[in-house]
Amino acid sequence: MPSRKTPIKYTSREFETIKRDLLEHARRYYPDTFKDFNEASFGALMIDTVAYVGDVMSFYLDYQVNESFLDTAIEYNNIVRLSRQSGYKYRANPSSYGTVALYAIIPASTSGLGPDSAYLPILKKGSELSSNSGNTFILDEDVRFDEPSNEIVVARIDSTTGLPTSYAVRAYGRIVSGIFEVDTVSVGSFERFRRIQLNSENASEIISVTDSEGNEYFEVEHLSQNTVYKEVVNKGDNKTTAPSLLRPLIVPRRFVVERTRNAVFLQFGYGGPTEIRSPSIAEPKNVILQLNGRDYVNDISFDPYKLLNTDKFGVAPANTTLTIVYRTNTADNVNAAVGSITKVVRPIIEFNNRSQLDNTEVSTIVSSLEAYNQEPIVGDTTLPSAEELKRRTIDHFATQNRAVTQRDYEALIYAMPDKFGSVKRCRVVRDPDSLRRNLNLYVISEDSNGKLVTTNSTIKENIKVWLNRSKMISDTIDILDAKIVNIGIEFEVISDEEANRFQILSDCTNAIKEIFSVSPFIGEPIYLTDIYSALNRVKGVVDTKRVLITRKTGASYSSTRFDTDEALSADGRYLSVPLNVAIELKFPDTDIKGAIS
């Protein structure tokens with residue numbers, strides 16, 4: 001009678017259980033060969049080695065499985081990839097937007113009454129400006145100094161006649177952070193779904209992609225999208241009120257942009273160059289459903305799959321040279337404080353009748369150009385943490401590219417493309433004073449130092465345009481500034497008598513900093529219980545006696561009125577925050593004060 005085999009326990013996966021099963025297996029099946037079970041024997045070494053290898057393999061197996069799902073993934077790059085599979089586009093390099101005042105000195109007319117209109121320039125889109133910290137910004141629109149609404153003041157006066165000799169003209173224009181860069185990529189033979197990596201990892205916006213034959217490739221949301229809307233010049237009678245028109249354009253050559261934490265890729269389609277020569281209207285005889293066993297057609301039925309068989313997610317480039325123009329940020333943080341943008345470093349300037357103007361006067365006008373931002377240039381925010389990125393992905397997937405619920409609106413705002421800028425936090429609430437379905441959207445941004453500031457009008461306008469494509473037709477939205485409340489934290493802990501009190505105080509302060517390292521959401525309550533728990537976990541702390549939250553006031557803090565005593569819950573466990581208020585621990589090094597008893 002054959003001996004009974006003991007089944008292998010596949011649930012044993014860590015070192016101790018694998019070693020125990022190996023010893024049991026050896027005692028059962030090799031009693032005459034393996035007799036020395038001493039821990040110092042060579043056989044024990046072999047068993048330990050096999051158990052160690054099994055433990056390591058089990059660890060990596062579990063790790064790889066966990067990294068395959070969004071809920072359990074830990075590595076940031078894997079979370080980005082899983083987010084992309086769910087339709088969420090990772091924003092690695094948001095742009096900062098804002099409005100800047102531009103000044104030019106224009107010579108006076110012959111009569112001295114007003115500037116000479118012939119010398120009023122047009123500062124063209126693409127001109128570069130610079131901040132005091134060296135960040136570069138690009139003019140996002142043409143700025144006309146001949147607009148009647150521009151402010152004009154006397155700049156210089158002739159001391160003899162008393163007549164003005166020149167005037168200062170102030171105009172306004174929108175700017176965006178970054179500079180233009182160009183990559184030239186040689187493409188060989190045809191390759192399906194070709195993927196090209198840009199030289200810069202800080203690319204924020206793809207401006208244009210053209211090949212050596214002059215064909216243009218267009219960026220789309222997904223490769224199955226074959227139509228984009230392009231801006232064309234309006235030559236009709238109403239061109240003064242509508243200078244541009246939107247026209248649908250079928251784009252067989254297209255690409256999507258994919259981002260990781262440290263790279264930017266252009267992903268092209270499946271079709272080859274011959275695909276573009278296929279007729280746009282299917283030939284009837286080619287789509288008739290062929291019946292098995294017949295060499296003729298006598299049925300009017302057709303195969304619907306063949307109607308779609310000509311479009312293979314766009315045409316990929318082959319045997320050509322691609323010229324890729326894109327805008328890239330010049331620093332990790334491209335926000336700018338008020339008054340920090342002062343220089344026009346590379347002006348692209350145009351005059352109506354350039355050939356008839358004096359070259360000296362033109363050079364003087366160009367050299368006189370100055371800039372000044374009267375509001376902060378914001379839009380660049382710190383990258384979301386791994387957990388926050390997971391939450392945004394789940395919320396965005398639930399929206400299905402339409403805004404119905406309040407959470408849908410928030411998810412869509414966080415998913416706004418990099419080139420339009422971004423906000424640090426947003427909150428959508430129902431307007432209690434409105435009889436209609438009016439929503440209040442509260443937004444807040446970051447400044448160049450990572451502190452909370454109000455969002456400028458340019459970012460708000462971009463949010464408005466972005467939401468119009470997905471919002472419910474009956475919804476009305478008011479985009480408002482969230483109020484900022486700066487707080488301070490005071491605590492007192494009981495320490496171990498033998499512990500170093502200075503080290504404990506430093507560790508407690510760092511523990512509170514860790515809690516507020518991620519900015520709270522707008523309207524999110526502050527839980528004092530979390531602070532108590534963090535302090536009690538510090539090595540050397542016996543217990544936490546007191547935690548107090550206070551409002552910070554002064555020139556460096558916000559002036560929003562907020563009573564922390566009234567906001568504290570009856571049991572003292574949390575601080576209630578209004579739905580339009582963002583709490584900020586602005587200066588952790590000085591706003592956290594502790595004592596040890």
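Okay, let's start on the outside: Phe42, Leu45 and Met46 make up a nonpolar surface patch, with about 320 Å² of accessible area together. Patch members have over 30% relative accessible area and no salt bridge, and nonpolar side chains are joined within 5 Å; a salt bridge would be a Lys or Arg side-chain nitrogen within 4 Å of an Asp or Glu carboxyl oxygen. The areas come from the Shrake-Rupley method with a 1.4 Å probe.

Before I go on, this is a predicted model, where local features need pLDDT of at least 70, side-chain atom pairs count only at pLDDT 80 or more, and totals for chains, interfaces and linings use all residues. Numbering runs from 1 along each chain as its sequence is written, and side-chain values use heavy atoms, leaving out hydrogens and water.

Leu45 sits in helix H2, residues 42–66. Helices are DSSP runs of at least four residues, strands of at least two, numbered from the N terminus.

Now strand E16, residues 320–328: seven of its nine residues are buried, so the rest of the structure largely encloses it. Strand E8 (179–187) runs antiparallel to E16, joined by nine bridges, with Ser186 opposite Thr321. Strand E10 (203–211) also pairs antiparallel with E16, over seven bridges, and there Ile206 faces Tyr326. Pairing needs at least two DSSP bridges.

Last, there's an open antiparallel sheet of three strands, ordered E5-E2-E18. Its edges are E5 (143–144) and E18 (349–350), each pairing on one side only.

Key. Buried means under 20% relative accessible area, exposed over 50%, partly exposed in between (1.4 Å probe, protein chains only). Patches are made of residues with over 30% relative accessible area and no salt bridge: like charges are joined within 9 Å, nonpolar side chains (Val, Leu, Ile, Met, Phe, Trp, Tyr) within 5 Å.
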